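Work through the exercises below with the sequence and the 3D structure at hand. Try each task before reading its solution.

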Amino acid sequence: MNQAPRAASLEAKLQTLTVCPHCHVSLDWSLEELVCASCGDDFPRVAGTPLLLSSSNVFRESIITGSSRTGKKSLASRLYAMRPDERLWSKGAIQTIHSSLEWAVRRPDPTIINIGAGFEQVFEEAFKPYEPVLRVGIPHRGGVDLYGDLTALPLANSSVDLLFCSSVLEHVSAPAKAMEEIARVLRPRGRAYIEIPFIRAYHMAPHDFQRYTPAGMRVLLQSAGLNVAAEGISSGPFTALALLVRDLCVALAPRGLGVSYALSWLLQPLKHVDRLLDQREWAAACACNLFCLAEKPTTGT
Ligand SMILES: [Zn+2]
């Protein structure tokens, strides 16, 4: 996605959607760098992809230098990429992901944005029939269509029908601001499918700031003016248990990566106990990850 030339229709769509992350006005795309006519800020492209991050963003420099994500993949990293999805998604979450996509594509000229999700098989398979699902963010793996910060999205007001935000909010130091941004970019009646961990080990340190309970997640959404259309478990308690055992063993083992790889396979059957529990209410009390489908009211932000 980063290297290949974009299709003209995708480029036109991106130009319509993209705004300055500071002042929310359209950008001039005619130059090599995208320029904001209001604040005068300019945003470079990295391998053709606009980098719409403020100069103070901690990830900006590493994206420009490409130091963290380029280079030939080693055998170890290829093997690691072949392991099963880290989490087992509940049937309820998968159904909500698919029904949200089916709903969005029935809207006129729909815009679907993916922030965070994408490299897991469950999302890859869900998105495939609905391309292009535009990927925006600071990717842990893979490419994006726009580099952007969830707390200062480079997307126009009321421009998005459906937004996916999976396993990102815990890595944002200002989650309330992130939810305000999601509410700003959604069209009226637009929806956001949001996943956040509840019981997970500290990960991607030091960029791991919080966990949410079901009630906490609801309050976060409602504080941004969004309604909760659906909620539930996206990965259950036995997935949480399997991942905690894996992470504890990795922390104790001298060769952490190999242990993590082996346990990804060995502990996989344990996660399937969650299939028996799925959306049972008590299981949410110790679930690995939760989901919420938020809806923007017809009046509001
Ligand atoms: Zn600006």
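**Exercise 1. State into which domains the chain is divided, and describe the side of domain 1 that touches domain 2.**

Solution. Step 1: the chain is divided into domain 1 (8–65) and domain 2 (82–295), with bounds from an automatic or database domain assignment. Residues are numbered from 1 along each chain as its sequence is written. The model is predicted: local features need pLDDT of at least 70, side-chain atom pairs count only at pLDDT 80 or more, and totals for chains, interfaces and linings use all residues.

Step 2: the centres of the two domains, taken over C-alpha atoms, are separated by 25 Å.

Step 3: count the contacts. In domain 1, 18 residues are in contact with 16 residues of domain 2; two residues are in contact if their C-beta atoms, placed from the backbone, lie within 7 Å.

Step 4: find the elements. Helix 1 (8–17) and strand 5 (49–52) each give two or more residues to this side of domain 1. Here helices (H or I, at least four residues) and strands (E, at least two) are DSSP runs, numbered from the N terminus. Strand 5 gives the largest share, four residues.

Step 5: sort by class. This side of domain 1 has 12 nonpolar, six polar and no charged residues. Ala, Val, Leu, Ile, Met, Phe, Trp, Tyr, Cys and Pro count as nonpolar, Asp, Glu, Lys and Arg as charged, and the others, Gly among them, as polar.

**Exercise 2. Describe how helix 6 crosses helix 7.**

Solution. Step 1: the axes of helix 6 (residues 175–185) and helix 7 (residues 214–223) come within 8 Å and cross at roughly 55°. Axes are lines fitted to C-alpha atoms, for helices over the stretch in contact, and angles run from 0 to 180 degrees between N-to-C directions.

Step 2: because of that angle, helix 6 is oblique to helix 7. Angles under 35 degrees count as roughly parallel, over 145 as roughly antiparallel, 65 to 115 as roughly perpendicular and the rest as oblique.

Step 3: the crossing is right-handed, the near helix being turned clockwise from the far one by less than a right angle (left-handed if anticlockwise).

Step 4: helix 6 contributes Pro-175, Ala-176 and Met-179 to the contact, and helix 7 contributes Leu-220, Leu-221 and Ser-223. By class, this contact has five nonpolar, one polar and no charged residues.

**Exercise 3. Give the strand order of the open sheet of three strands and of the open sheet of nine strands.**

Solution. Step 1: the sheet of three strands has the order 1-2-3, with antiparallel pairing. Two strands pair if DSSP finds at least two bridges between them. Strand 1 (27–28) and strand 3 (42–43) have a single partner strand each, so one side of each is left without a neighbour in the sheet. Strand 1 is joined to strand 2 (residues 34–36) by two bridges, and Leu-27 has Cys-36 as its bridge partner.

Step 2: the sheet of nine strands has the order 4-5-8-7-6-9-10-12-11, with mixed pairing. Its edge strands are strand 4 (45–46) and strand 11 (227–235). Strand 4 and strand 5 run antiparallel, joined by two bridges; Val-46 has Thr-49 as its bridge partner.

Step 3: helix 7 packs on this sheet, touching strand 10 (186–197), strand 11 and strand 12 (289–295).

**Exercise 4. Locate the cis peptide bond.**

Solution. The bond from Ala-205 to Pro-206 is cis, with omega near 5°. Pro-206 lies in the loop between strand 10 and helix 7.
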